[in-house]
Amino acid sequence: MKGGNLQRARGKQFSFTLLAVVCMTVFLWSYERRPVLTNILLSQDNLILPSASHISEDLINPEDVPVQEPRHVNNETEEKTVPQISNIENKEETEERVNPRMSIVENREPAAEESTVTVEDDSDSISSSVQSSSSHNKVCNYAKGRWVVDNRRPLYSGSKCKHWLSEMWACRLTQRPEFGYEAYRWQPANCDMPDFERSSFLKRMQDKTIAFVGDSLGRQQFQSLMCMVTGGEEIPEVQDVGKEYGLSTPHGASRPNGWAFRFPETNTTILYYWSSCLCDLVPVNSNDPASEVAMHLDRPPSFLKQYLHRFDVLIFNTGHHWNRGKVNANRWVMYVDGKPNQNRRLAMIGNAKNFTIHSVAKWLDSQLPSHPRLKAFFRTISPRHFFNGDWNTGGSCENTTPMARGSEVNQDESSDQVIASAVKDTKVKLLDITALSQLRDEGHISRYSVKASSGIQDCLHWCLPGIPDTWNEILAAQL
């Protein structure tokens with residue numbers, strides 16, 4: 001009897017257990033089928049960030065790369081998407097950013113993060129929130145970006161900066177009727193460029209010497225920086241220290257071979273030395289004023305050798321004086337290894353220029369270990385904009401409309417591959433300004449001059465304030 005009751009009790013326990021299992025199964029099945037939960041999970045799918053393959057091509061210059069719908073700059077308010085790519089460092093971060101439901105991200109690569117900001121008119125700066133973590137981990141390509149309107153420009157007055165600025169480059173003193181070219185700022189594509197603030201810059205450069213060595217475009221950059229750090233005002237406290245660097249007016253010359261000014265409050269020196277070819281130029285016969293000049297293609301200017309130890313920042317450039325007319329007019333004779341060049345291929349102007357550029361970059365790189373505080377920059381060539389001829393055959397640059405050639409640079413590589421290749425794998429930095437300056441043909445001196453005399457147009461040099469100010473802003477950012 002007791003055995004029968006025990007069997008019945010065990011049978012009931014088994015029935016209850018089986019019933020509980022069936023009920024749980026039905027409950028879980030219905031739970032998975034609930035419309036409310038399904039909607040929630042579907043909405044979470046929409047939170048997955050787009051991958052890198054879906055990033056907008058909004059920053060492509062239609063002149064550089066063919067696109068289906070090229071974007072044009074106008075004065076209307078426009079919304080645009082600025083891509084931001086972030087490196088997802090580990091799996092836990094991926095799970096937190098994407099979705100708690102792991103089946104959604106199963107078998108997927110971690111999605112790249114893209115943030116969107118609204119740019120209202122082109123005068124608004126890109127928000128700092130678009131800076132991705134990857135932009136902090138790699139060097140910013142300041143040469144890639146776009147020109148935007150900025151009502152805070154120019155950085156100084158072209159009519160007031162008379163003490164530091166050559167009259168022939170101060171377009172505010174000419175008969176030029178419009179100055180729209182002054183109102184633009186360069187915005188790098190994937191990083192922010194700090195606003196230039198003169199007192200902050202001088203504090204950063206305390207007890208330092210900044211040296212520009214190059215041709216007349218280098219002198220424009222030098223004068224631009226002097227106007228930027230003084231705000232275009234004459235500051236009596238600034239000292240002329242050119243004699244400390246042997247800078248003077250050579251016999252028979254119309255101007256000094258350079259200038260050097262010191263700001264005593266921060267002990268900051270800014271100087272310029274004229275060296276249009278970056279070669280060592282030595283008269284073959286020092287006793288004869290009409291002597292030929294040895295143009296040592298494999299030697300840097302003696303000025304660099306003599307004063308390099310005093311520089312903290314060096315910016316050098318060359319390019320536009322490398323033509324047969326100027327070489328002959330200056331009575332320059334190419335020398336290599338201390339003797340006249342006998343290599344016919346090297347005697348070609350283009351080859352001689354390239355040889356010299358690589359030679360001076362290699363020499364400077366060899367000197368940097370002995371000068372650990374020195375930061376050296378090779379500035380790429382400033383573009384000319386002669387249309388319908390050259391400087392001596394009626395070429396002109398009459399355009400006064402900003403951005404007529406486009407507003408954006410989308411390429412990653414420099415447009416000046418000669419200089420870019422010369423500094424590659426060296427510690428000499430590239431100050432890449434060629435492509436962004438190529439878009440600004442309206443910013444040249446053109447046919448305007450202080451005396452409004454007719455004749456050859458200047459489509460090589462820039463109005464100041466103007467494009468060289470941007471070169472210095474990029475320089476300051478790279479420092």
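Trainee: Which helix gives the most to the lining of the largest cavity?

Mentor: The model is predicted, and the largest cavity in it has a volume of about 110 Å³. Its lining comprises 14 residues, and those closest to the cavity centre are Tyr 181, Glu 182, Tyr 184, Gly 466 and Asp 469. With 4 residues, the greatest contribution to this lining comes from helix α14 (residues 467-478).

Trainee: How many charged residues does the lining of the largest cavity have?

Mentor: The structure has 4 cavities of 30 Å³ or more. In the largest cavity, the lining divides by class into 7 nonpolar residues, 2 polar residues and a charged group. That charged group numbers 5.

Trainee: Are the planes of Trp 164 and Phe 261 stacked or edge-to-face?

Mentor: This is one of 14 aromatic pairs in the structure. The ring centres lie 5.1 Å apart, and the planes meet at 80 degrees. Planes over 60 degrees apart count as edge-to-face. The pair of Trp 164 and Phe 261 is therefore edge-to-face.

Trainee: How many residues apart are Trp 164 and Phe 261?

Mentor: Trp 164 lies in the loop between β1 (145-149) and β2 (184-188), while Phe 261 belongs to strand β5 (residues 258-263). The pair thus links distant parts of the chain, and the separation is 97 residues.

Trainee: In which helix is the partner of Phe 212 in its aromatic pair, Phe 222?

Mentor: The rings of Phe 212 and Phe 222 have centres 6.4 Å apart and planes at 65 degrees, so this pair is edge-to-face. Both residues are buried. Phe 212 is in strand β3 (residues 209-214), and 10 residues away Phe 222 is in helix α7 (residues 216-230).

Trainee: Over the ring of which residue does the charged end of Arg 440 sit?

Mentor: The charged end of Arg 310 sits over the ring of Tyr 245, at 4.3 Å from the ring centre. For Arg 440, the distance to the ring centre is 4.5 Å, and the ring is that of Trp 147.

Key. Residues numbered from 1 in each chain as written. Predicted model: local features only at pLDDT ≥ 70, side-chain atom pairs only at ≥ 80, totals over all residues. Heavy atoms only, no water. Phe/Tyr/Trp six-rings, centres within 6.5 Å; stacked < 30°, edge-to-face > 60°. Helix = DSSP H or I, 4+ residues; strand = E, 2+ residues; numbered from the N terminus. Buried < 20%, exposed > 50% of the residue type's maximum accessible area, 1.4 Å probe, protein only. Lys NZ or Arg CZ within 6 Å of the ring centre and 35° of its normal. 1 Å grid on protein atoms, 1.4 Å probe; cavity = no way out; pocket = protein on both sides within 12 Å on 5 of 7 lines; lining within 4 Å. Points joined across faces, edges and corners; volume = space filled by probe spheres on them. Nonpolar A, V, L, I, M, F, W, Y, C, P; charged D, E, K, R; others polar.
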